[in-house]
Amino acid sequence: MSIRSQHLLGQLKAKTGLTPNIMGRFGICLSLKDPSMPNPEEFDEKGSEIHPSVLFGEYEDIYMTLMIQRLKKDNLDPEIYLSKMLRAHFNRGTIALFARVKDLSDFYEMIKVERKN
């Protein structure tokens with residue numbers, strides 16, 4: 001993750017009590033829902049690394065499948081771009097999540113809105 005994302009996730013954890021891996025999952029979903037392709041070059045690689053098995057836990061296969069589907073939709077070879085674009089979606093999603101969540105009730109409301117869309 002980027003330094004910025006690491007900082008934002010720290011702030012979100014303080015506000016919501018949710019762990020970075022839980023928030024990262026939601027952030028990735030927000031980014032995958034955005035039809036535009038994130039630019040991996042916008043995000044540094046100086047923050048902590050979260051291994052997919054830690055980030056996704058028992059849902060790793062589901063998230064990796066979602067990523068591969070998105071890469072194919074974006075005409076990107078998953079064997080080449082999976083890691084780079086996963087990082088880009090994680091970082092873009094973290095920024096989007098931070099803009100929408102100020103406390104735990106905002107997180108709950110965001111989930112209700114996203115389920116309807």
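Predicted model: local features only at pLDDT ≥ 70, side-chain atom pairs only at ≥ 80, totals over all residues.
1. On overall form, a compact globule with 117 residues would have a radius of gyration near 13 Å, and because the protein chain has 14 Å, the two values agree. Along the principal axes, the C-alpha atoms of the protein chain fill a box of roughly 40 × 35 × 25 Å.

2. How much of the protein chain is buried? Buried residues, meaning those under 20% relative accessible area, make up 38% of the 117 residues. As for the surface, the protein chain exposes about 7,000 Å², and carbon and sulfur atoms supply 54% of that area.

3. We can now turn to the empty space. Rolling a probe the size of a water molecule over the atoms shows where such space is left. The largest pocket has a volume of about 420 Å³, and its lining consists of 17 residues, of which Met-1, Glu-49, Ile-50, Ser-83 and Arg-87 lie nearest the centre of the pocket.

4. Which elements give two or more residues to the lining of the largest pocket? They are helix 3, covering 52-56, and helix 5, covering 78-100, and the largest share, seven residues, comes from helix 5. Sorted by class, the lining of the largest pocket has eight nonpolar, five polar and four charged residues.

5. The second largest pocket has a volume of about 260 Å³ and is lined by 13 residues, with Arg-25, Phe-26, Cys-29, Leu-30 and Glu-114 lying nearest its centre. At least two residues of this lining are supplied by helix 2 (20-33), and at least two by helix 6 (104-116).

6. Which helix gives the most to the lining of the second largest pocket? Helix 2 does, with seven residues. By class, the lining of the second largest pocket divides into eight nonpolar residues, one polar residue and four charged residues, so a student comparing the pockets may set this beside the eight nonpolar, five polar and four charged residues that line the largest pocket.

Definitions and conventions: Residues numbered from 1 in each chain as written. Heavy atoms only, no water. 1 Å grid on protein atoms, 1.4 Å probe; cavity = no way out; pocket = protein on both sides within 12 Å on 5 of 7 lines; lining within 4 Å. Points joined across faces, edges and corners; volume = space filled by probe spheres on them. Helix = DSSP H or I, 4+ residues; strand = E, 2+ residues; numbered from the N terminus. Rg over C-alpha atoms; globule rule 2.2 N^0.38 Å. Buried < 20%, exposed > 50% of the residue type's maximum accessible area, 1.4 Å probe, protein only. Areas by Shrake-Rupley, 256 points an atom, 1.4 Å probe, with all protein chains shown as cover.
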